[in-house]
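Here's a quick tour of a protein model, heading by heading. Have a look at the sequence and the fold first.

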Amino acid sequence: RSSDLTMARQGYPRMAISACFGGIIFNVLVGVGLGCLLQMSREKMVLTLEHDELTWVLAGALGISLVISLIVVPLLCFHLNRAYGIGLILFYLVFLMVALLTEFGVIHLNAS
């Protein structure tokens, strides 16, 4: 978009890159979310979610990742270093292994 290009030319390249991703994510979340909400309210639909083991693994990993980031990032004064990046990669690899093992039935969680 031209506004992102203008921001970059004015000396704000990080803001321009953030706007490139943030604008699209915002449009998808708000556009799809409001559309689904209006459709559900019009037709009086009830959305039911299935709770299987993988859902708990996904939600748990997301929650743990967010809590860790909310604690660690301010402690680092918002200057993220290599150790934090390596920690996130290791966390992702552990999550990926647990998710795959759960999906293929090697690990069974007592989630009900």
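## Contacts and ground rules

A contact here means heavy atoms within 4.5 Å. Of the contacts in the protein chain between residues at least 6 apart in sequence, 54% join residues at least 24 apart.

This is a predicted model, where local features need pLDDT of at least 70, side-chain atom pairs count only at pLDDT 80 or more, and totals for chains, interfaces and linings use all residues. Numbering runs from 1 along each chain as its sequence is written, and side-chain values use heavy atoms, with hydrogens and water left out.

## Fold and dimensions

The protein chain has 4 helices and 0 strands (DSSP runs, H or I of at least four residues for helices and E of at least two for strands, numbered from the N terminus). The pattern along the sequence reads α-α-α-α.

How does the radius of gyration work out? For the protein chain it is 20 Å, while a compact globule of 112 residues would come out near 13 Å; the radius is taken over C-alpha atoms, and the globule rule is 2.2 Å times the number of residues to the power 0.38. The C-alpha atoms fill a box of roughly 55 × 50 × 25 Å along the principal axes.

## The aromatic pair

There's 1 aromatic pair in the structure. The ring centres of Tyr92 and Phe95 are 6.1 Å apart with planes at 45°, so the pair counts as tilted (centres within 6.5 Å make a pair; planes under 30 degrees apart are stacked, over 60 edge-to-face, the rest tilted). Tyr92 and Phe95 sit 3 residues apart in helix 4 (residues 82-103), so about one helical turn separates them.

Terms used: Phe/Tyr/Trp six-rings, centres within 6.5 Å; stacked < 30°, edge-to-face > 60°.
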